[in-house]
Structures are given as C-alpha cells and as structure tokens.
Amino acid sequence: MTATDNAIHAFVHETGGWVAAQLEACTRCGMCAEACHFYQATGNPEYAPVWKMELLRRAYEQRFTLVGGLKVSIGLDKRVTDADLSHWSDLNYHACTVCNKCSMVCPMGIDLGSLLHGMRAGLAAAEVIPADLMAAVEKQVKEGSPLGMTDSVWDERLEWVADEWEVEIPRDVKGADTMVVFSSIEVMKFPTNVAAIAKVLNKAGEKWTVSSKAREIVNFGFYQGSEENTKLFLNRVLEGAKELGVKRIVVTECGHAYDALRWHAANWITEANDFEVIHITGVLGELVGSGRIKLKPGFFNNDGTITFHDACKIQRKGGHVQEPRDILKVLAPDAFKEMTPNREESVCCGGGGGVIAVKAADPVRYAAFELKIDQVNAVGAKTVTMTCSNCRLQYTDSVEHFKLDWKVTGLAQMVADALME
Amino acid sequence: MTPSFMLLPVEKGIMRCRHTGPFSHEDVQALATFFSNYHGKLLIDLTGSTGEECAQNIKQFRPIMPTAAIFGTQIDLSILELPESYYLHFAHDVRYFETEDEALAWLRDQ
C-alpha cells in the first residue's frame, strides 16, 4: 500500500458514525478560525481548524456519501495524493497544538480537537511526520524518553537534585499511596521544579514515590497520533504503578501527557481505571485548600505584577482552573493580575502538541507567542507562572528570542518557596 | 563560608562566573536560579580549581546553562555533551578554551 492508501485507510477507520455526524454538522461558519492562535497570529486561511482536517472530511465524503463519489467521478473533487499528505502534515504538526479552543467556540458543538487528532492518526499511518518529531518518538521507544533521559541520566539527575536541594525523593517504594511521574522537560530543564514538588509532598506527609520503570510522563506517541505508540508509553507508566501497588498517579507538568493518561488511557486500557489520575495542579490545590500545607501569605507581593498562564490540557480540558487562582490569591494577593483572555478561554502558548519539537515550525510558533506578549504586557506583568513545563519551555525560549524582561516560573516552585516551616 | 562563585560584569551582555571555592547546596540552588533567569553570555573562570572539583556540577548544570565559554583549568570535555534530541534546539552552546582571551573572543562572536 502507498502512503496515501495507509492514510485513507486510517481516515476511513477513524470515520465512524460519531465522526460522520461531526463532519456533517459543520456549517463552514469560520468561527473556529477566529479561535485558532496560529490563524490569529498569521491570518493564513489554511490555519483554520476546519481546513486542517479537510483530508479527513474528503476521505469520509468520497468513501461514504453518494455526493462525494459523484463529485470525484465527474471531476469536481480530487482524490487525496501524497503531495496533499505532505502539505497537511505541515498544517497539522507545525500549526496546530490540538489546544481544543476551536471546539469551545464551535456553535455546532463539533469536537474539532478529536477530529484533528484523527487527522494526525491518518498522517501517522502514512508516516508523513516531521523528521524531528519522529526522531523524538523513536528515541522514546528505544530509550524511554524523547529527551535522551536514559535510565542512567534519570538516576544521576534525581540523585543530584535530592542531594543539592536537600530533599528526599523516594524511589520505587512499594505500597506508597502516590506515584509521581515527572516529565523529562522538568528533569532536564527545570530541576528546581522537581525539587519543589518533592519538598511540597514531603511537607504534606504524603506517602509518595517515583518509579524507575515509570520515569517519563511525556508521550510523543500522542503527539504523533499513533495509538500504538501512545499505548506503549502509557503502559510503561501503568506497569510502574501496578508494580508498586500505588493508588494514584500524579502527572506533573505536561499537559498532553495528562490528557493521554487521564482520558485516553481510561478508554483504551482497562488497567488504567485501577488508578486515580490527577495533575499536580489538583494536588497543590488539595494540599493548600485542606490546610495540609500552609503558605506564607503575600510572599510574592513585592515582586511586581504576576500573571498566570492557563495551559490548554490542564486548565481548559483538565478543569484545574480555580486551584492556581486560589493559591496565587494567598501568595500574591496584591500582585496577581489576570491576563485576558484567561481560564478556559485562554490562548495557547503556541508550543504544545509537539510543535515545539519541530524546528521548521519555529517561525509560526514565535508568531503565535506574540499574542501572549501582548496579553502579558497588557497587565504589566514581570512574572508569568504556570503549571506546564512544555508551556514553560515555550515561554523561556520565546522570552529569550524576543528579548523580554520577564521572569518565567512554575506554580509548584512558588508554593515550595513560600512553605511555612 | 566562602561562596563557591562570584558573578562580575565583563562587558554588556557578558558576565564572568568565577569559581572561588567548594560548592555548598545553597550555591548550587542559587546558580540554578541564576541560570534560569539569565539570558546573557557567561565567561566561566575556573582558575585555581581542579576540573574534578567542578565536573559533577558542570555536567548537571549543562542542560540549563546559558551560552558559556569555560577556561582556567582542564576539564573532561565529555561533561559538556548533551544527548541528541529535539531538546538541543533549546540548549545553548558551551565550550572549553585554553585561555581567557580565546574564550572571550568566542563569546563576543556568539
């Protein structure tokens, strides 16, 4: 079979009754375009979400509808070609973070995020994936991490953090209540965040552990759109949890990983339902709200204006909208200001969905970030905090790229710094 | 206790980080914070120390280091290597030089 055959096969496979209903409901109103940060930033009509999934629509129409078949036979429509796949690969992997904001604004209630994920499934089946994204997938298959965080790197790095930050990081503790799975972005790029989360959990008296089997929460199979690889990486986490007999899995700072483990795993893998899956944002909210940890009120009140970036998968999809606000109202009651739009309406950072891993996507990624620059500057913030390390990587890289005078930090780090003894 | 490093301006956009003594935990944490907030270039002066003394910290700091030129003592160059991955897009160049002049000349070019 050719690449196109594979893609069409996957698109048709994706096109069940539910997808057919979604595609038929579209009125081409264009509201999804206005919601897309890549479209907003560039004005490129090809970045309209409805257009990004055009091949899926075409495959459905031509295969399942009489009109679609007729259109092809009389030359009014054309079949999908290899060149089409390559072009739509760019549209979907360079200029879509699967942030799902388009779904929120669709007046017909179409779940565009899921359809765009279906597009990636077809492109993955055709193996039309950006080379650097695919390299990261392969690295995760072989080494357990897309960032080169091998067993020994993970081991050395956690030991270094535990030693230098003088914090206990329990490893492979059987019978612990909670298994924490860090992302390699945190371990490699934001080690202070690893120390902060450990410090907070220890202070709360949580019975927690990390697992050397489940040492990577990032899921590049999910970015790729491959169900097979997504499941492979999810199973590594679930096997680690099963081996240690924990009750819940805490996903630290990766939005897509949270989406994959919290919702997709529950639908795909029976064993996933044996564990409670929660994001660290929810844990922080629970610990502060219940009084298990106490924070120094106003600890960050004198650092200039602080704003919070809502991550698509953690706040918009995950619903962890209120906890960061409740915490920031304690830490910086006078300094915390909301950027606009915020909460579920927030605009994506531009680096999610694997986009940050694709070098060729840099121009459009930076263009999308300019929307964030305007929003942060509008409230005069000098510090931006968040609960996703992928967003944080996009922010830190863009702050340098645009030479911005901002401090970028993580909420867990702020909580750890403000803990009462 | 003597701090393990001193930060001094060299010229616009370049700071000197001079190693002055053994690393305490607080110094390592302070350096990590500095690296995450500093967007300029760094001249790392290891004069008077041994390569082994700094090796572990340089190795662990490597992924979060700004663009840096190291000189002053012989180091094992393998500690400057990073695993091949897309993450390299976001890592800065860190190199070793025999002399301060060479290090500074290279930094000015970056």
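**Close-up views of a predicted model**

**View 1. The contact between chain A and chain B.** The contact draws 22 residues from chain A and 17 residues from chain B. On the side of chain B that touches chain A, helix H1 (residues 25-37) of chain B gives the most, with 6 residues. That side of chain B holds 8 nonpolar, 8 polar and 1 charged residues. The model shown here and in the other views is predicted.

**View 2. An open sheet in chain A.** Three strands of chain A line up in the order E5-E6-E7, with parallel pairing. E5 and E7 of chain A stand at the edges; each has a single partner strand, so one side of each lacks a neighbour in the sheet. From one strand to the next, the twist averages 25°.

**View 3. Bridges along strand E6 of chain A.** Strand E5 (residues 306-308) of chain A runs parallel to E6(A), and 3 bridges join them. Here A:Phe308 stands opposite A:Thr385. E6(A) also pairs with strand E7 (residues 407-410) of chain A, in the parallel sense, over 4 bridges. A:Val384 has A:Val408 as its bridge partner in E7(A). For A:Met386, the bridge partner in E7(A) is A:Gly410.

**View 4. Side chains of strand E6 of chain A.** In a regular strand, side chains alternate between the two faces of the sheet. From E6(A) (residues 383-386), A:Thr383 and A:Thr385 point one way. A:Val384 and A:Met386 point the other way. All of these residues are buried.

**View 5. The helix between strands E6 and E7 of chain A.** H22(A) lies across E6 and E7 of chain A, and runs at about 170° to E7(A).

Methods
Residues numbered from 1 in each chain as written. Chains lettered and ligands numbered in written order. Predicted model: local features only at pLDDT ≥ 70, side-chain atom pairs only at ≥ 80, totals over all residues. Contact = placed C-beta atoms within 7 Å. Helix = DSSP H or I, 4+ residues; strand = E, 2+ residues; numbered from the N terminus. Nonpolar A, V, L, I, M, F, W, Y, C, P; charged D, E, K, R; others polar. Buried ≥ 20, exposed ≤ 12 C-beta atoms within 10 Å, placed from the backbone. Pairing = 2+ DSSP bridges. Axes fitted to C-alpha atoms, helices over the stretch in contact; angles between N-to-C directions.
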